[in-house]
Protein chains: 2
Amino acid sequence: MTESALPTVICTVDVVLLTLQQGALQVALLRRERAPFAGALALPGGYIHAQEDADAQASAARVLRDKAGLQSPYLEQLATFSGPVRDPRGWSLAVAYCALVPPEVLAQAPLTLVPVAELPALPFDHRAMVDAAVARVRSKSQYSSMPVHLCAEPFTLPQLQAVYEAVLGEPVNKVSFRRKMDELAMLEPVPGALQGGGAHRPAQLYRVRPAYRRNLSLSARGL
Amino acid sequence: MTESALPTVICTVDVVLLTLQQGALQVALLRRERAPFAGALALPGGYIHAQEDADAQASAARVLRDKAGLQSPYLEQLATFSGPVRDPRGWSLAVAYCALVPPEVLAQAPLTLVPVAELPALPFDHRAMVDAAVARVRSKSQYSSMPVHLCAEPFTLPQLQAVYEAVLGEPVNKVSFRRKMDELAMLEPVPGALQGGGAHRPAQLYRVRPAYRRNLSLSARGL
């Protein structure tokens, strides 16, 4: 069969945008303006624009910028979902991405945050995408710097440990957490920045080293 | 922009078909019959056929069946590669898959096996796909049943251990290997089947339990 005789595949991207609020992972949903499923809450997504996008990752970044006002958050390709029935418009393929942001940057965005444990019915196969993203984040949090992208900078080590604990859904030993952070070598102290005081000793504030703002730091063993 | 005004995206699948021969991971390449890059060795791949494929995974299985005569080997989605320059025909998107097979099943296939450590120049971004597949297999071999798909059934535990060692590129402790196999619970003894004898005690032969022929068994800790 020649290329021109092949039926068109609808090519889109969808983004599972996760954040942490009230100690729980939340997914950001957007009310759909157009058919199909107009009016329904769904993942932010859109067509790949071959005339302007450098790749599907750039399509996902553009969708986040245009629909949620977000500039270059941490963004990782999750998986591609495809087939004849997932979209009523026809045979379609969606490259799904996972984005992680601190809740502070979503304050002005026109998004609805929903705890991943209390998802409403979602159109397309968006539920499967959310499930895949949550599984990925939980699994990678065991042995990488991934959760740091859920934490607004600068932060103290106890604040970051609380983020890891919220993602993993269980307490983390303080000593092994600090050893893991040393091993990942992704943090740097903010010079001269201390938090607090009060009854406690002031705590050093940290930020992510530039090399790890777009990439993960991995360790061989889990927390 | 309306859907019909969007430039077409060329949608393909490519398969990184890996096997183990002479103690080294090898990738199976196929000589391309058509332009672009006619005559070059490349990964087996082809267009998504929206009129017949149930999803991109089915496209990859069809490509392996039609071009290499392989029936349903272990097949896992790797990542999607996309952009305006990776294919001279235009903006394209390739869903890359990783397939693992024992060398025995490739004996009749019109494929060229090349050690992954000695790759020739490959067209498109096939080199990046091979690199991603090898990294995935090495990483997953630490904590999953993945290498079992490189081993022809039935096999003895020492034979399977040699497969793990070849993939990981380092010796594995026999006691922790056997503990890991128990934990993964993916093997079953073939009733009454023993190998050898000679100077040694005959060894039990094993096969993969049906539930793990298409899915991996995972463990929380690495080997």
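What share of the contacts in chain A between residues at least 6 apart in sequence join residues at least 24 apart? In the predicted model described here, the share is 64%. The architecture behind this value comprises four helices and nine strands in chain A. Read from the N terminus, the elements of chain A follow the order β-β-β-β-α-β-β-β-α-α-α-β-β.

The overall dimensions of chain A were computed along the principal axes, and the C-alpha atoms occupy a box of roughly 70 × 35 × 30 Å. Chain A has 223 residues, and 52% of them count as buried. Its accessible surface amounts to about 10500 Å², with 51% of this area belonging to carbon and sulfur atoms.

The size of an interface is often given as the accessible area lost when the parts come together. For chain B and chain A, the area buried between them is about 2400 Å², and carbon and sulfur atoms account for 61% of it. The interface involves 27 residues of chain B in contact with 27 residues of chain A. The number of salt bridges between chain B and chain A is zero.

Over all chains, by contrast, the count reaches 21 salt bridges. One of these joins the side chains of A:R86 and A:D125, with a nitrogen-to-oxygen distance of 2.8 Å. A:R86 belongs to the loop between β5 (74–83) and β6 (92–100) of chain A, and A:D125 to the loop between β7 (112–115) and α2 (126–141) of chain A; the pair therefore ties together parts that are 39 residues apart in sequence. Both partners fall under the 20% limit for burial: A:R86 counts as buried at 10% relative accessibility, and A:D125 counts as buried at 17%. The pair is also part of a network of salt bridges that links A:D14, A:R86 and A:D125.

Two salt bridges within chain B were also considered. The side chains of B:D87 and B:R89 meet at 2.7 Å, N to O. B:D87 is buried, with a relative accessible area of 3%, whereas B:R89 is partly exposed, at 34%. In the other bridge, B:E188 pairs with B:R209, and the closest N and O atoms are 3.9 Å apart. Because B:E188 lies in strand β8 (residues 187–195) of chain B and B:R209 in the segment after β9 (203–208) of chain B, this bridge ties together parts that are 21 residues apart in sequence.

A:L29 is located in strand β2 (residues 24–31) of chain A. At 0% relative accessibility, A:L29 counts as buried. Beyond residues up to four places away in sequence, A:L29 touches A:L41, A:A42, A:L43, A:L111, A:T112, A:V114, A:P120 and A:L122. A:L29 and A:V134 are separated by 105 residues in sequence, and their C-alpha atoms are 15 Å apart in space.

A:T12 is found in strand β1 (residues 10–21) of chain A and counts as buried, at 9% relative accessibility. With residues up to four places away in sequence set aside, the residues touched by A:T12 are A:G46, A:Y47, A:I48, A:L93, A:A94 and A:V95. Of these, A:L93, A:A94 and A:V95 fall within the range given for β6 (92–100) of chain A.

A helical position in chain B was examined in the same way. B:Q161 is part of helix α3 (residues 157–168) of chain B. At 11% relative accessibility, B:Q161 counts as buried. When neighbours within four places in sequence are left aside, B:Q161 is in contact with B:V172, B:N173, B:K174 and B:F177.

How values were computed:
Residues are numbered from 1 along each chain as its sequence is written. Chains are lettered from A and ligands numbered from 1 in the order in which they are written. This is a predicted model: local features need pLDDT of at least 70, side-chain atom pairs count only at pLDDT 80 or more; totals for chains, interfaces and linings use all residues. Side-chain values use heavy atoms; hydrogens and water are left out. Helices (H or I, at least four residues) and strands (E, at least two) are DSSP runs, numbered from the N terminus. Buried means under 20% relative accessible area, exposed over 50%, partly exposed in between (1.4 Å probe, protein chains only). Contact means heavy atoms within 4.5 Å. Accessible areas come from the Shrake-Rupley method with a 1.4 Å probe; for residues, only the protein chains shown count as cover. Buried area is the accessible area (1.4 Å probe) that two parts lose on being put together, summed over both. A salt bridge is a side-chain nitrogen of Lys or Arg within 4 Å of a carboxyl oxygen of Asp or Glu.
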